[in-house]
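Open the model in your viewer and keep the selection tool ready. This tour goes stop by stop.

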Amino acid sequence: MNTSPKGSSLGIGHTFKTFPTQSVLVCMELCISYPMCRSIDLNHENKVCRLQVKSSVTDPDLLVATSNTVHMDKEVAKILLEYTLTPV
């Protein structure tokens, strides 16, 4: 499982779609709904979800320090959503 610390993103040039949201769950769900999405960058300050065609799993050197931003790979997003939506 690959998660990145708060304050990381894939940088510029890998985004194929953006959405206004500050919810990491909404951002993850959007990524899962697009087959070409490999990861998300969610900027809490600007309230923008960026869907990425690259992943830090396959391209770890692309990660850069970015304030107020959380990076998450699609594989992690799927696991977290399944856990979040599973009744206890």
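**Before you start**

This is a predicted model, in which local features need pLDDT of at least 70, side-chain atom pairs count only at pLDDT 80 or more, and totals for chains, interfaces and linings use all residues. Residues are numbered from 1 along each chain as its sequence is written, and side-chain values use heavy atoms, with hydrogens and water left out.

**Stop 1: the core**

Select Cys 27, Met 28, Cys 31, Ile 40, Cys 49, Leu 51 and Met 72. Of the 13 residues in the largest nonpolar core, these touch the most other members. A nonpolar core here is a set of buried Ala, Val, Leu, Ile, Met, Phe, Trp, Tyr and Cys residues joined through side-chain atoms within 4.5 Å. Buried means under 20% relative accessible area, exposed means over 50%, and partly exposed lies in between (1.4 Å probe, protein chains only).

Now colour α1 (24-33), β3 (39-43), β4 (48-52) and α2 (74-85), the elements that give two or more residues to this core. Which element gives the largest share? It is α1, with four residues. Helices (H or I, at least four residues) and strands (E, at least two) are DSSP runs, numbered from the N terminus.

**Stop 2: Met 28**

Centre on Met 28. Leaving out residues up to four places away in sequence, Met 28 touches Ile 40, Met 72, Ala 77, Leu 80 and Leu 81. Contact means heavy atoms within 4.5 Å.

**Stop 3: the aromatic cluster**

Show the rings of Phe 16, Phe 19 and Tyr 34, which form one aromatic cluster. The structure holds two aromatic pairs. Rings of Phe, Tyr and Trp (its six-membered ring) pair if their centres lie within 6.5 Å; planes under 30 degrees apart count as stacked, over 60 as edge-to-face and the rest as tilted.

- Phe 16 and Tyr 34: the centres are 5.7 Å apart and the planes at 65 degrees, so this pair is edge-to-face. Phe 16 sits in strand β2 (residues 15-20), and Tyr 34 in the loop between α1 and β3, 18 residues apart.
- Phe 19 and Tyr 34: this pair is tilted, at 6.2 Å centre to centre and 45 degrees between the planes.

Phe 16 is partly exposed at 25% relative accessibility. Tyr 34 is partly exposed, at 25%.

**Stop 4: Ile 12**

Go to the loop between β1 (8-9) and β2, where Ile 12 is found. Is Ile 12 buried or exposed? Exposed, with a relative accessible area of 85%.
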